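Student: Could we go through the side-chain contacts in this one together? I'd like to start with the charged residues and then move on to the rings.

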Amino acid sequence: MKKTGLFICLFFIENTMIAQDVKNMVLKTDFDCQKINQNEYRFDFHTYFGIGTPASCPKFVNYTVSIENEVLKVNAYYDISGTWPPSNCDIKDIVVYKKSIPKSIRYIQLSTNIIAHNETPAYNDLYTKTFPVSSLTNPETSKCYFFNSSNPSKGNVTINMDFKYLKIINEQGQVVKQLDKNTSGKYDLIDIQQGTYYLMFYDSNNKEIGSVKILKEK
């Protein structure tokens, strides 16, 4: 019993340390996307790692495309198990979606997901970006326009999207703040308390044109 208890304790400590270190191992992902034609879309994932060497970088192992309500989710999976010694490397990967986007889809979300120690993906949505599908399907452009935040957990938000104003709404549906669009595209949410919020974007006709969920830490 003592050995079993010790094993469980060590297993818990090890996995807690892994969870804390994942963001140090996976530094960031730069996302991009492009409409090739009506039935083909390209999604780019450029992920930077703090582990591995050019000869032994983490591997892009899989991707999934799923629909959740009005969101088309494109998830890229990387396996960081066995990647050593610590070093810097980055991987550029492309997911090609060879279908038309359903009319019910309003947003597309790209996300980086991590597999560690050959387990089921335990670190989902490590980095994400969301954009309105209307920007990608606009006849005047073939590029996406992201509107999610650069560092929402710390209260610093960068928004690259055309809108008139935004509302910050808590999980109870209450508007805690309203901000007009500014020329810098940078917004300060430092004064907002810790919790989960929704940024709701509106045009000059007061019509909602997009939203994104954020987690604000202390």
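Student: Is K73 buried or exposed?

Tutor: K73 counts as buried, at 12% relative accessibility, where buried means under 20% relative accessible area, exposed over 50% and partly exposed in between, with a 1.4 Å probe and protein chains only. Bear in mind that this is a predicted model, in which local features need pLDDT of at least 70 and side-chain atom pairs count only at pLDDT 80 or more, while totals for chains, interfaces and linings use all residues. Residues are numbered from 1 along each chain as its sequence is written, and side-chain values use heavy atoms, with hydrogens and water left out.

Student: OK, and which residues does K73 form a salt bridge with?

Tutor: K73 forms a salt bridge with D125, the closest N and O atoms being 3.7 Å apart, and another with E68, where that distance is 4.0 Å; the term requires a side-chain nitrogen of Lys or Arg within 4 Å of a carboxyl oxygen of Asp or Glu.

Student: How many salt bridges does the structure hold?

Tutor: There are six, including one between the side chains of D44 and R42, at 2.8 Å from N to O. In that pair D44 is buried, at 17%, whereas R42 counts as partly exposed, at 31%.

Student: Switching to rings, how many aromatic pairs are there?

Tutor: The structure holds six aromatic pairs, counted for rings of Phe, Tyr and Trp (its six-membered ring) with centres within 6.5 Å, and called stacked if the planes are under 30 degrees apart, edge-to-face if over 60 and tilted for the rest. One of them joins F49 and Y78, whose ring centres are 5.6 Å apart with planes at 65°, so the pair is edge-to-face.

Student: Are those two rings, F49 and Y78, buried or exposed?

Tutor: F49 counts as buried, at 1% relative accessibility, and Y78 is buried too, with a relative accessible area of 0%. Y78 also forms a tilted pair with F60, 5.5 Å centre to centre and 55° between the planes, and F60 is partly exposed, at 27%.

Student: Which residues make up that aromatic cluster?

Tutor: F49, F60 and Y78 form one aromatic cluster.
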